[in-house]
Amino acid sequence: MATAQRLLMKGTEAIAEAAIRAGCRHFFGYPITPQNEIPEYMSKRLPQVGGVYLQAESEVSASNMLYGAGGSGVRVMTSSSSPGIALMAEGFSYLCGSEIPAVVVNIMRGGPGLGDIQPSQGDYAMCTKGFGHGDKHAIVLAPSTVQEAVDLMALAFDLADQYRNPCVVMGDGLIGQMMEPVTFPEAPVKVYDKPWAATGKPPTRKHNIINSLYLDPEELERHVYHLFEKYERMRADEQRHETFMLDDAPPVVICAYGTMARIAKTAIRELRKTGVKIGLFRPITAWPFPVEALSGVVQSTKVFLAVEMSMGQMIEDVRMVVGRDRPVKFFGRPGGVIPTVEEIIHQVKLLSN
Amino acid sequence: MNRIVIDEDRCKACGLCIPACNRDLLALAAKLNAKGYHPISIHDMDECTACAMCAIVCPEVTIFVYKQAKLKKAG
Amino acid sequence: MSEEQLIFKRSKALTDAYFHYCPGCTHGIAHRLIAEVIEEMDIQDKTIGVCPVGCSVLAYNYFDVDIHEASHGRAPAVATGIRRTLPQDRYVFTYQGDGDLASIGMAEIVHAANRGEKITVVFINNAIYGMTGGQMAPTTLPGMRTTTSPYGRDTALCGHPIRMCELLNTLVEPVFVARGAVTTPKYINRAKKLLRQAFELQHTGFTFVELLSTCPTGWGLTPENSVAWLERNMVPFFPLSVFREPAAMPAAATKYAPDLKVKDDAKA
């Protein structure tokens with residue numbers, strides 16, 4: 001497949017191909033709708049490129065295979081969906097604690113519990129704040145188009161290696177299941193030196209230990225401070241966002257990410273036609289949340305409207321930035337129901353009363 | 001001569017080597033080691049046959065065993 | 001001066017660190033045997049270990065090889081990740097206790113064995129959860145008192161101990177499944193042979209060595225009485241035997257159906 005081509009691909013398959021193009025040759029996963037095409041695609045493609053596709057007996061096991069494989073210093077990936085991601089939480093915490101690069105893709109579905117298999121954004125809080133135990137963070141990238149998902153996959157592998165930390169790509173069932181034209185980036189795969197990897201101890205060095213156990217509390221404290229130096233660097237350098245129609249500093253600003261941001265854009269275009277001055281603020285990194293960029297918008301804004309496919313989780317990050325300076329309203333629908341353009345337009349009209 | 005060397009600070013006085021020595025040469029010493037255990041000690045090195053049973057059963061791998069090489073026959 | 005030969009020493013595949021195990025706990029012997037096998041096969045620079053959560057959680061300080069600390073029960077999955085990413089000439093082993101392997105990690109061990117992962121699993125069975133203070137484990141014997149079976153394990157409530165070798169022996173892929181013990185000199189030397197066989201066969205398929213081991217603190221016995229207790233109580237329930245080795249593959253291992261040749265249409 002010539003890379004410069006534009007290809008019409010399903011989100012899940014484009015994400016898998018993007019991982020391979022980013023040098024990932026090892027995938028450990030487990031079937032769960034709506035992300036099944038990622039393992040399916042990997043099981044076909046990886047053997048063609050000398051890679052390994054392995055279907056684990058559970059997401060718990062898959063996350064620990066990821067941990068072991070990442071400890072060998074190669075680019076590794078898993079993908080799952082909401083309940084499966086919850087099962088991977090302990091493994092994810094080990095990845096952070098042992099500083100192991102890995103990419104975890106979450107194609108979110110309706111919850112809680114077994115929920116449903118419709119698109120949802122109900123894992124925002126889990127991915128950005130609660131993905132496993134202990135003080136830790138990970139960069140969480142939220143694509144809103146299939147092309148952006150492809151681009152963010154390449155970025156995720158680089159960020160994982162750069163910061164020696166797992167990185168989450170957080171899509172939803174719609175991004176996973178829809179087909180859009182994509183082109184794959186040409187950039188060569190960056191190679192990172194990994195002297196810490198456990199590849200077999202030559203006599204010339206001490207043995208490498210991949211570990212997150214520090215029974216001495218002061219030692220663990222020092223280790224966590226070290227992790228948080230990394231997270232501060234991530235906060236400083238990795239905040240990413242997009243704005244849409246904010247150039248004329250409109251009084252109404254919708255905050256939305258992923259699929260919801262696309263629907264909001266259509267609503268904004270419709271409203272603009274009727275003379276309503278409105279724009280969109282879209283986080284691309286759900287963590288680190290784009291605090292600087294959003295605070296720059298507060299002054300000129302009268303009211304924020306957070307729109308999510310959940311009962312409102314990103315809104316808490318918005319409120320943390322906006323504080324009491326401006327009202328932050330919410331509109332969202334849980335359970336895998338997708339808010340429509342008309343509903344958003346209706347909500348915006350309610351704001352003006 | 002046959003002999004054993006005990007890293008006394010490694011010993012935890014578990015006593016497993018005592019019954020293992022079929023010449024009953026081992027006993028806990030009166031003194032204490034760095035960790036506060038009575039380390040094992042051998043009271044008659046000459047009797048040691050270097051059979052290494054004590055070393056084999058020692059969970060701390062703290063006993064080294066030297067066996068006297070048989071004198072080579074001349075010619 | 002007559003020459004003397006050093007005939008027993010600490011293996012160089014062991015670090016100098018002091019073991020943290022309780023006095024008389026035979027984990028240390030299992031460590032020694034594995035280290036000696038690694039040294040004698042001259043594979044210290046090619047071996048990667050995986051330690052569990054349990055008493056041997058700190059084993060990464062004792063084996064002088066590259067090594068991972070796995071979460072509780074997941075060592076076979078971690079080892080799978082290692083095995084599938086490193087060159088074929090590497091040796092991968094896991095070191096796990098009975099709570100780790102036969103309870104929380106049961107799915108991981110069964111599926112790693114069933115996939116025929118080319119790793120060696122060393123399973124230390126002392127019929128109790130040691131690190132957490134002596135609770136009942138899947139291998140706790142009927143009637144055996146622990147801190148969570150204070151009236152003795154009641155098989156009507158929580159079933160019988162699980163025999164891991166026999167269980168894994170029903171699978172097709174494993175190439176070596178054996179149970180030994182690390183208490184008496186005879187058993188210890190025999191256990192080393194089993195470990196050596198397992199490591200030697202590792203590149204041909206999944207190898208598993210269960211080693212009965214003592215827990216004086218958890219059992220509430222002296223080290224010496226623990227050795228006797230194991231002999232009298234554990235060995236009868238967990239027979240010491242080689243259940244499977246290449247020379248004698250039992251019926252369970254014979255492939256049931258000829259390997260289906262799936263027409264690979266992807267070749268187009």
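Predicted model: local features only at pLDDT ≥ 70, side-chain atom pairs only at ≥ 80, totals over all residues.
Let me begin at the end of helix 1 of chain A, which is followed by Gly23(A), a residue whose phi is positive, near 95°. Helices here are DSSP runs of H or I with at least four residues, strands are runs of E with at least two, and both are numbered from the N terminus.

Residues are numbered from 1 along each chain as its sequence is written, chains are lettered from A and ligands numbered from 1 in the order in which they are written, and side-chain values use heavy atoms, with hydrogens and water left out.

Helix 1, residues 11-21 of chain A, is mostly covered, since 9 of its 11 residues are buried, where buried means under 20% relative accessible area with a 1.4 Å probe and protein chains only. Among the buried residues are Gly11(A), Glu17(A) and Ile20(A), and what covers the buried residues of this helix includes strand 1 (7-10), helix 2 (37-48) and helix 7 (146-163) of chain A.

Now to the neighbouring chains. Chain A and chain B do not touch, their nearest C-alpha atoms being 19 Å apart, whereas chains A and C have the most contacts among the 2 pairs of chains that touch; contact means heavy atoms within 4.5 Å.

How large is the area buried between chain A and chain C? The size of an interface is often given as the accessible area lost when the parts come together. Here that area, taken with a 1.4 Å probe and summed over both parts, is about 2,600 Å², of which carbon and sulfur atoms give 59%. Glu57(A), Lys201(A) and His207(A) supply 21% of the area that chain A buries against chain C, more than any other three residues.

Between these two chains there are 2 salt bridges, each defined as a side-chain nitrogen of Lys or Arg within 4 Å of a carboxyl oxygen of Asp or Glu. Glu57(A) forms a salt bridge with Arg115(C), and the closest N and O atoms are 2.9 Å apart. As for the side of chain A that touches chain C, its largest share, 7 residues, comes from helix 3 of chain A.

Finally, strand 9 of chain A pairs with strand 3 (residues 66-69) of chain C in the parallel sense over 2 bridges, pairing being a matter of DSSP finding at least two bridges between strands, and Ile209(A) stands opposite Ile67(C).

Notes:
Buried < 20%, exposed > 50% of the residue type's maximum accessible area, 1.4 Å probe, protein only. Buried area = accessible area lost by both parts, 1.4 Å probe.
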